[in-house]
Amino acid sequence: EVLDAAGGGEAFRILDRELVDVIICDIKMPGVSGFDLLDFVRERGFCIPVVVLTGLLEFETTIRAMQKGAFDYLIKPVKKDTLLVVIEKALRHRFLVKENRRMAGFETLFLSTIQVLVRVTEKALYGQEHSDRVSRYSVLLGKHLRLEPKEKTLLECSALLHDVGMITADLTPLLRKGLLTDQERLEIRVH
């Protein structure tokens, strides 16, 4: 479905009430410029690629549009096939951005869950901040080893979780003075 706006003002109204996948606009429009539309999309946090289709062949205008977040900048007249390829790329880009945002939400939830588990374990074992300290040292080691960002994140999570298995252990022997018995040592190793 294609929605048509006679100018930027009407485009604002459409964007406030409709779900739009891609915007195609000119720089010069009645009432509101394409730059204003780009600002509107960015300020509202819309995940909508904006393709500028204009007759203005000015280097400064192109740069300004791209700096304001235009997905692409096409000069009129444009071939139908070219426009369709750009729209397809814009739709793919939109999907990937939305998917990344969704996955970032899962990652945040996952890390929050890990941190709750760690806090419960820490309070029982050492007091607070032990796992954070181990995690910080692990991240520093990862930087020194020049690990990739994903590897550093995995290392950080692993370091945070290093004592979670202890949550089910009988911690009484660890909290008293003196040596562990063979049975206690075996039990602690299991966890």
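User: What makes the contact between the side chains of D26 and K76 a salt bridge?

Analyst: In this predicted model, a nitrogen and an oxygen from the side chains of D26 and K76 are 2.9 Å apart, and because the rule asks for a Lys or Arg nitrogen within 4 Å of an Asp or Glu carboxyl oxygen, the pair qualifies. D26 belongs to the loop between β1 and α2 and K76 to the loop between β3 and α4, so the bridge ties together parts that are 50 residues apart in sequence.

User: Why is D26 called buried, and why is K76 called partly exposed?

Analyst: D26 has a relative accessible area of 16%, and buried means under 20%, so the label follows. K76 has 42%, which falls between the limits of 20% and 50% and therefore counts as partly exposed.

User: How do you know that D16 and R44 form a salt bridge, and which helices do they lie in?

Analyst: Their closest N and O atoms are 2.4 Å apart, which is within the 4 Å cut-off and therefore meets the rule. D16 lies in helix α1 and R44 in helix α2, so the pair joins parts 28 residues apart in sequence. Both labels are partly exposed, because the relative accessibility is 48% for D16 and 45% for R44.

User: What makes D39, R42 and K68 one network?

Analyst: D39 forms a salt bridge with K68, with the closest N and O atoms 2.9 Å apart, and salt bridges that share partners join D39, R42 and K68. D39 and K68 are both buried.

Methods:
Residues are numbered from 1 along each chain as its sequence is written. This is a predicted model: local features need pLDDT of at least 70, side-chain atom pairs count only at pLDDT 80 or more; totals for chains, interfaces and linings use all residues. Side-chain values use heavy atoms; hydrogens and water are left out. Helices (H or I, at least four residues) and strands (E, at least two) are DSSP runs, numbered from the N terminus. Buried means under 20% relative accessible area, exposed over 50%, partly exposed in between (1.4 Å probe, protein chains only).
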